[in-house]
Amino acid sequence: MASLLLLFLFLFASSALSQDSLIGVNIGTEVTNMPSPTQVVALLKSQNINRVRLYDADRSMLLAFAHTGIQVIISVPNEQLLGISQSNATAANWVTRNVAAYYPATNITTIAVGSEVLTSLSNAASVLVSALKYIQAALVTANLDRQIKVSTPHSSAIILDSFPPSQAFFNKTWDPVIVPLLKFLQSTGSPLLLNVYPYFDYVQSNGVIPLDYALFQPLQANKEAVDANTLLHYTNVFDAIVDAAYFAMSYLNFTNIPIVVTESGWPSKGGPSEHDATVENANTYNSNLIQHVINKTGTPKHPGTAVTAYIYELYNEDSRPGPVSEKNWGLFNTNGTPVYTLRLAGAGAILANDTTNQTFCIAKEKVDKKMLQAALDWACGPGKVDCSALMQGESCYEPDDVVAHSTYAFNSYYQKMGKALGSCDFKGVATVTTTDPSRGTCVFPGSAKSNQTLGNNTMALAPSANSTTSGCIPKYYHHPHASFADLTLLSLLLIVALVFL
């Protein structure tokens, strides 16, 4: 019966780690030496990325994603739109070959029909909604319509007068397409897919948009953009564009369609005239975007409503035509090395893109010491971390404070769990860093200075921000710090044990 209690504990802890990161990446195809699908998946898993968007439905990629749990958006390329829009049989065949053949082993969640059709392939605009409807009908026939959504990505250029957001509206030229499209999305519960590029808005503004406003950098209150109609304050271009889309939909009386940002990013290199395409700006934008999304900040119009976003893109596309910047939007080179190391605080292991395996988990500064203590107790107790190095007289005892001790314990757990998603959270008091926290003779697990090999233990799972457990061991646990939730959970577990014993 004790095994039943352990199973209950495992399922309870596992649920705390099921929260979605809401951050994904695009995988382009114009790469000279594209890594193999298995290498792509290995990189995604090492970075704890659980969402990807493909620009096609490549068989080898879809097979590689099988049984990984990674959520996949597949695409109907623009050149296939005409055929699918004119024949239900063609759409059904496409779904059979590219969806049903792989689902559910491969976690296909969305079919993107075309890409920026209204602005890049306007002669196909008239057939776009027909193509969406035929693909949807094929999913219904295959009994997959509840699991897989159908939509189409748009350039934010379809929105006119995007500031102030409350006055934004879609280009009326496209009303014969936009209105039936939004009706389709609303009826199927599908999101509006939007590509949002503050980089282009900044470059094309000729100095009107401040760089910090485009990069999510902190602004003084008097520098924030204020919508005079709503009095909403905007601190970045990204939120303003997303809200402009919400307002544009509401102008047409559609108020319950969610938005997913299918592309957003910043180039890390440009030509002589592309002065703002730099590694520093790319790192700043993408780091701040990830932080913004993971924190579930939402937008001024919809605060607290998380916006899923896909970074453009995973790899630099060196064979892509156009200016230098077009080839340099990637987070990684094709050999798997990062173009730059993202500066992330509090984002857990998501995109801690240090592929040399040198990432560590540390305690955050300026957090509640009682929460740190509870997390430390958990790590050294149910987390099964060897905390003997923290005992008085041992190598990591000094400095004798909860922050230093928690950092050692958190990192030990993080390394022991193979840097898995959720293993550096501890109710939000821990964060991933690429700086080795070792000091003097106190060498941390995972450090290049250490030869220690840590085993993997998947039964004890670190408490996440949504978890109500903190764990305890005799050495670190202090009863005055026990919360009502902790005692309630303990009582529940005792009742369960008594029932089954």
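Predicted model: local features only at pLDDT ≥ 70, side-chain atom pairs only at ≥ 80, totals over all residues.

Modeller: Residues are numbered from 1 along each chain as its sequence is written, and side-chain values use heavy atoms, with hydrogens and water left out.

Colleague: What makes a residue of the protein chain count as buried, and what percentage of the 501 residues does so?

Modeller: Buried means under 20% relative accessible area, exposed means over 50%, and partly exposed lies in between, with a 1.4 Å probe and protein chains only. By that rule 52% of the 501 residues of the protein chain count as buried.

Colleague: Why is glycine 24 called buried?

Modeller: Its relative accessible area is 0%, so glycine 24 is buried. Glycine 24 has its place in strand S1 (residues 23–27), where strands (E, at least two residues) and helices (H or I, at least four) are DSSP runs numbered from the N terminus. The protein chain comes to 15 helices and 15 strands.

Colleague: Which residues are in contact with glycine 24, leaving aside its neighbours within four places in sequence?

Modeller: Contact means heavy atoms within 4.5 Å, and with those neighbours left aside, glycine 24 is in contact with Ile49, Arg51, Ala309, Tyr310 and Ile311. Over the protein chain, residues 24 or more positions apart account for 72% of the contacts with a separation of 6 or more.

Colleague: How do you know that cysteine 361 and cysteine 424 form a disulfide?

Modeller: A disulfide is a pair of cysteine sulfur atoms within 2.5 Å, and the S to S distance between cysteine 361 and cysteine 424 is 2.1 Å. Cysteine 361 lies in strand S14 (residues 360–363) and cysteine 424 in the loop between helix H14 (402–416) and strand S15 (430–433), so the pair ties together parts that are 63 residues apart in sequence. The link is right-handed, with 85° about the S-S bond, and both cysteine 361 and cysteine 424 are buried.

Colleague: How many disulfides does the structure hold?

Modeller: The structure holds three disulfides. Another joins cysteine 380 to cysteine 387 at 1.9 Å from S to S, and this link is left-handed, with -85° about the S-S bond. Cysteine 396 and cysteine 442 also form a disulfide, with their sulfur atoms 1.9 Å apart. When the bonded cysteines are numbered in sequence order, the pairing is 1-5, 2-3, 4-6.

Colleague: Why does cysteine 396 count as buried?

Modeller: Cysteine 396 counts as buried because its relative accessibility is 1%.

Colleague: What makes the lining of the second largest pocket divide as it does into nonpolar, polar and charged residues?

Modeller: Ala, Val, Leu, Ile, Met, Phe, Trp, Tyr, Cys and Pro count as nonpolar, Asp, Glu, Lys and Arg as charged, and the others, Gly among them, as polar. On that basis the lining residues divide into eight nonpolar, eight polar and eight charged. Helix H9 (residues 198–204) gives the most to this lining, with three residues.
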